[in-house]
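Subject: Structure handover

Dear colleague,

Please find the structure below. My notes on it follow.

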Amino acid sequence: MEFFRKTLDPVFALAAIAVLDIFLFLLLGAWTVGGGETMMTGLLAQAVLGEDLMRIPFWNIVFRPHADYWKIYISFGMFFGAFVGAVLSKEFYWRVPRRASEWLMITLGGLLMGFGIRLAYICNVSTFFGLLPEMNLGGYLAMSGILAGAWVGSVIYKKILEG
Amino acid sequence: MTPVVECLVAFLFGSVVGLLMQRSRFCNTAALRDAIMFKTYRNTKAMLMAMMILTVGFTGFMSLGAGHPMRFDVGLNTFAGLFLFGIGMVLAGACTVSTWVKTGEGNLGTLWALLFTFVGMFLFSLVWSWNWWPPAPQSMTGEPNLPALQLGFANAQTLQEKLGVPALVFGLVQFAVLLALYRAILRRERAQHEKHAQHQKEASETA
């Protein structure tokens, strides 16, 4: 099939996603990522710590772990859809970063993303595809933050790349 | 809708998004990073296109009182959180969406980033349990709360309620701004393209 041979124009892909997102907005709420991941973190922590997790107020008050939280399944869906797309277009192969500096950047980057999402209650997806189109005040705050952060990140990234 | 149906709808939406992302190589991190670092706009244009459609769609339905807009108080934590997130996504080379999409393509580096996103979230849960900031959803009032560095809640719908002007009107203003930005990028790309073509012509003439 042509679809699995040629790279799709991202402008077309994102226009299609936007139309679907409007349907999701009407049914459940705008496309969001981060809430699902927090719930996964809570469920994983509960699997390890058991009822002791409830002694950490955050998990008792802000995010009570429960598996039937719809946002989790958006993320599983994205993984599944990408996997199917990669297999059908013969683009699936194991990719492993080689250099130690890459692993360090990925580890730090992951930690900062996780911490930042919870501090702000949102991530980049909700910022650009949820809050800003709803013209939520938080969208403009979040956009200023992410642009400043991406700029600082780019400076650090260049420094590390240039060694 | 029962929770099971909600989860199924979410899974279906996510699957289509994942497929389209994988086939188009769209990446939200690249949309910001490439514009800042390399002055290339392939992903930035796609992001703006989605935002234009969504702004009109969301504010249009919000004018009618339909849809489920996000509702929570925002404040300094919104800026600070996304600032940390912005640094993190450039270092990791992926945002939360592309970590899932690239993991689906077999990238173990992004799987690692995802695991540490979970670790970062757990660390935050410990910090929150110690200082209780930002306020939990239960104690959000929607009004500014300056001691807690919170500005409250406002969106196109609250503007409509306060000013009596349909939310869509504000949406159309934002749409116009986004469109102007989109067209500025197209002009810039054309200029880059012409410059490139001229360089090539000069190079072939001297050869």
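A contact here means heavy atoms within 4.5 Å. In chain A, 55% of the contacts with a separation of 6 or more are between residues 24 or more positions apart.

This is a predicted model, in which local features need pLDDT of at least 70, side-chain atom pairs count only at pLDDT 80 or more, and totals for chains, interfaces and linings use all residues. Residues are numbered from 1 along each chain as its sequence is written, and side-chain values use heavy atoms, with hydrogens and water left out.

Chain A has 7 helices and 0 strands (DSSP runs numbered from the N terminus: helices are H or I, at least four residues; strands are E, at least two). Its C-alpha trace spans about 50 × 45 × 35 Å along the principal axes. Of its 163 residues, 55% are buried (under 20% relative accessible area; exposed is over 50%, partly exposed in between; 1.4 Å probe, protein chains only).

Chain A exposes about 7,200 Å², with 68% supplied by carbon and sulfur atoms (Shrake-Rupley method, 1.4 Å probe; for residues, only the protein chains shown count as cover).

B:W112 sits in helix α6 (residues 108–131) of chain B and counts as partly exposed because its relative accessibility is 33%.

Regards

Terms used:
Chains are lettered from A and ligands numbered from 1 in the order in which they are written.
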